[in-house]
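I opened the notebook to look up a few features of this model one after another. Each entry below says what I looked for and what I found.

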Amino acid sequence: MRKILIVDDEKDIVELIKYNLIKSSYETIVAYDGKDAIKLIEKNKPDLILLDWMLPGMDGIEVCKHVKGNRELNHIPIIMVSAKGEEFDKVLAFEIGADDYVPKPFSMKELLARIKAHLRRNNQLASDADLMVFDDLIIDKTKYEASIKQIPLNLTKTEFDLLHSMANNPSRVYSREQLLSKVWGDDFYGDDRVVDVHIRRLRSKIETKTDWEYVKTVRGVGYKFHIK
């Protein structure tokens, strides 16, 4: 049974989400503030986190940064669920590593669909190569790790999936829509600009280790993996 952590300080919302998750055959864990959330994440390693932004003490952004900055935890998908619905807020959440963003008030049917899509992503790359070596870049799917010159890139799961998907077909150009379908799933409801944000984060991590531009933009089309 998949385990989902709900982090929100509004008990009515927690109970609503919890009821629907249990009804959909998920196991649930609950935290009402950021510090307790961190403890539960490190102890239980849930399969997915539903994270409110505005929490007492440590807010959701800090919790997200902590999870995505930890190599043992950064594979866990995080869906931000927040009343902060401006475009700037969504971009900020994606910039710090959130995998998805659902503004409040939300449709429970849509939230459940997004949860299902993110949990299914683990199996989407099953037919792709497990180990790929491109000069100084090594991509190891079995460990969900990528390194350059034997130095780990510390990628989040989404960043790794993007890199692995493009590297599996070097020089093929992918549109945003194709990457959304391949990495987020066909039933992803969000904005396709989430691709740009995660590509930007991926590039920034690669650029600290090498001068070679492994991920290139094809203007007006999308992105491709660029081999030496």
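Where is Glu-72 found? I located Glu-72 in the loop between helix H3 (60-68) and strand S4 (78-82), where helices (H or I, at least four residues) and strands (E, at least two) are DSSP runs, numbered from the N terminus.

Before going on, I noted that this is a predicted model, in which local features need pLDDT of at least 70 and side-chain atom pairs count only at pLDDT 80 or more, while totals for chains, interfaces and linings use all residues. I also noted that residues are numbered from 1 along each chain as its sequence is written, and that side-chain values use heavy atoms, with hydrogens and water left out.

**Entry on Glu-72.** I looked up the accessibility of Glu-72, which counts as exposed because its relative accessibility is 56%; buried means under 20% relative accessible area, exposed over 50%, and partly exposed in between (1.4 Å probe, protein chains only). I then took the C-alpha to C-alpha distance from Glu-72 to Lys-45, and found 9.0 Å in space for two residues that are 27 apart in sequence.

**Entry on the parallel sheet.** Strands of a sheet pair through backbone hydrogen bonds, either parallel or antiparallel. I traced an open sheet of five strands in the order S2-S1-S3-S4-S5, with parallel pairing; two strands pair if DSSP finds at least two bridges between them. Strand S2 (27-31) and strand S5 (100-103) stand at the edges, each with a single partner strand, so one side of each has no neighbour in the sheet. The twist from one strand to the next averages 20 degrees, and for angles I kept in mind that axes are lines fitted to C-alpha atoms, for helices over the stretch in contact, with angles running from 0 to 180 degrees between N-to-C directions. Within this sheet, strand S3 (residues 48-51) and S4 pair in the parallel sense over three bridges, and Ile-49 has Ile-78 in S4 as its bridge partner. I also saw that H3 packs on the sheet and touches S3 and S4, its direction making about 175 degrees with that of S4; contact here means heavy atoms within 4.5 Å.

**Entry on a cis peptide.** I checked the bond that joins Lys-104 and Pro-105, and this peptide bond is cis, with omega about -5 degrees. Pro-105 lies in the loop between S5 and H5.

**Entry on H1 and H5.** Two packed helices are described by the angle between their axes and the distance between the axes. How do the axes of helix H1 (residues 11-23) and helix H5 (residues 108-120) cross? I found that they come within 11 Å and cross at roughly 60 degrees. H1 and H5 are therefore oblique to each other, since angles under 35 degrees count as roughly parallel, over 145 as roughly antiparallel, 65 to 115 as roughly perpendicular and the rest as oblique. From H1, Leu-16, Ile-17, Asn-20 and Leu-21 meet Met-108, Leu-111, Leu-112 and Ile-115 in H5. By class, this contact has seven nonpolar residues, one polar and no charged, where Ala, Val, Leu, Ile, Met, Phe, Trp, Tyr, Cys and Pro count as nonpolar, Asp, Glu, Lys and Arg as charged, and the others, Gly among them, as polar.

**Entry on the antiparallel sheet.** I followed another open sheet, of four strands in the order S6-S7-S8-S9, whose pairing is antiparallel. Its edge strands are strand S6 (131-134) and strand S9 (151-152), each of which pairs on one side only. Strand S7 (residues 137-140) and strand S8 (residues 145-148) are joined by four bridges, and Ile-139 stands opposite Ala-146 in S8. Asp-135, in the loop between S6 and S7, has a positive phi of about 55 degrees although it is not a glycine.

**Entry on H6 and H8.** Helix H6 (residues 157-167) lies across S6, S7 and S8, at about 105 degrees to S7. I then found H6 packed with helix H8 (residues 193-207) at about 85 degrees, their axes 9 Å apart. H6 and H8 are therefore roughly perpendicular to each other.
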